[in-house]
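Hi,

Here is the model I promised to pass on.

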Amino acid sequence: MNDEITALSPAKINLTLDIVGTRADGYHELRSIVHTIGIYDTISLRFGGEGLRFRCDKSELGGEENLCFKAAHAWSQAADRVLDCEIELQKRIPVGAGLGGGSSNAATILNALNAHFDEPVDGSALLGIATHLGADVPLFLRGGCALMEGIGEKLTPLRSLEGWLVVVQPLQTLSTPQVFRTHDALKIPSSHATDRVLKAIGNGATLTGIAPLLDNNLTRAATSHVPEIDSLIQEMRKAGSVNSLMTGSGSAVFGVCDDEENAQRVLEVVRGKHDLTFVDVAQLI
Ligand code: C5P
């Protein structure tokens, strides 16, 4: 058995995000079409030594509070196995961005451990652990394109799409609970973009074909805290992206582009006008 594995942990974008209700516990019911993208963190698992250890190249993300540690711990309990393993996370996906990096890391670790030890935890138990760790974690067990419902735990796989994006994050990050609270206070109605995009995907539409239909219900709430989100969206549209919108609860923004060349052009324009924490082109995966 190999005593080291390395796995890539991808980011996601929300192509649509509709808030359709509020639950008694304060969580929001949503309908969202999500797609994994080719921006990755790298996770190494080195077996041996004593106990479970976790470290991250961004030291502020290290420690037992990290979802990586929690995922490995939850898996070892479900598998009834003592884990002697050092987990190392190399972070590239920006945090506080709505790109799902932490959730992806957790799912990648669950999949990697289960594969390494010959699948001692069955699929539905793995899904249960993932849901318990966070609303976005189940999506990353499989990746690709999916409809997320409930608070994120109800997943319906959809046909994967192909295409190029520019992904940027302004300097300011956002707290997810704060954005949801502001959304409630502003009483913003759902635009039901998810229904329209589902229909178009069902009819065989491409990424650029659905681009004009995309919408994120949380944009106004997020923009009220970080106005630069809106300037980035407008800037990217002007620079030639087919459409551009915020992902998740922000603060990252993506532009849908015709091809790689178009994406690189938009990247150069936006980079020239804004101070950014992150900017890159990426493909849907
Ligand atoms: O699941 P996650 O830890 O990302 O959620 C962070 C916070 O975002 C929750 O505590 C809640 O305030 C808000 N949230 C929500 N409805 C969701 C997902 C998150 O209200 N479906």
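Two bits of housekeeping. This is a predicted model, so please read everything as computed: local features need pLDDT of at least 70, side-chain atom pairs count only at pLDDT 80 or more, and totals for chains, interfaces and linings use all residues. Residues are numbered from 1 along each chain as its sequence is written, and side-chain values use heavy atoms, with hydrogens and water left out.

Helices (H or I, at least four residues) and strands (E, at least two) are DSSP runs, numbered from the N terminus. As a general point, a pair of packed helices is described by the angle between the two axes and the distance between them.

Start with H1 (residues 67-79) and H2 (residues 101-116): their axes come within 8 Å and cross at roughly 30 degrees. That makes H1 roughly parallel to H2. Axes here are lines fitted to C-alpha atoms, for helices over the stretch in contact, and angles run from 0 to 180 degrees between N-to-C directions. Under 35 degrees counts as roughly parallel, over 145 as roughly antiparallel, 65 to 115 as roughly perpendicular, and the rest as oblique. The H1 and H2 crossing is right-handed, where right-handed has the near helix turned clockwise from the far one by less than a right angle and left-handed has it turned anticlockwise.

Which residues make the contact (heavy atoms within 4.5 Å)? On the H1 side they are Leu67, Cys68, Ala71, Ala72 and Trp75, and on the H2 side Gly102, Ser103, Asn105, Ala106, Ile109, Leu110, Leu113 and Asn114. By type, the residues of this contact are nine nonpolar, four polar and no charged.

The residues of the H2 and H3 contact come out as six nonpolar, two polar and no charged.

Serine 104 is another residue of H2. Serine 104 is buried, at a relative accessible area of 0%; buried means under 20%, exposed over 50%, and partly exposed in between, with a 1.4 Å probe and protein chains only. Leaving aside neighbours within four places in sequence, serine 104 contacts Ser9, Pro10 and Phe140.

**Helix H9**

In H9 (residues 228-238), the buried residues include Ile229, Leu232, Ile233, Glu235 and Met236. Seen down the helix axis, the buried residues of H9 fall within an arc of 165 degrees, so they line one face of the helix; the arc is that of the directions from the axis to the C-beta atoms. Among the elements covering them are helix H8 (219-225), helix H10 (260-273) and strand E11 (276-283). Just after H9, glycine 240 has a positive phi of about 115 degrees.

Asparagine 217 sits in the loop between strand E8 (215-216) and H8. Buried or exposed? Asparagine 217 is buried, at 5% relative accessible area, and its contacts beyond four places in sequence include Leu17, Asp18, His183 and Ser190. Arginine 220, in H8, is exposed at 52%. Setting aside neighbours within four places, arginine 220 touches Leu186 and Ile188.

Most residues other than glycine have a negative phi, and most peptide bonds are trans. Three spots to check:

- Glutamate 119, in the loop between H2 and H3, has a positive phi near 55 degrees and is exposed at 52%.
- Histidine 192, between H5 (176-186) and H6 (193-202), has a positive phi of about 55 degrees and is partly exposed at 42%.
- The peptide bond from glycine 250 to serine 251 is cis, with omega near 10 degrees; serine 251 lies in the loop between E9 and E10.

Cheers

How values were computed
Contact means heavy atoms within 4.5 Å. Ala, Val, Leu, Ile, Met, Phe, Trp, Tyr, Cys and Pro count as nonpolar, Asp, Glu, Lys and Arg as charged, and the others, Gly among them, as polar.
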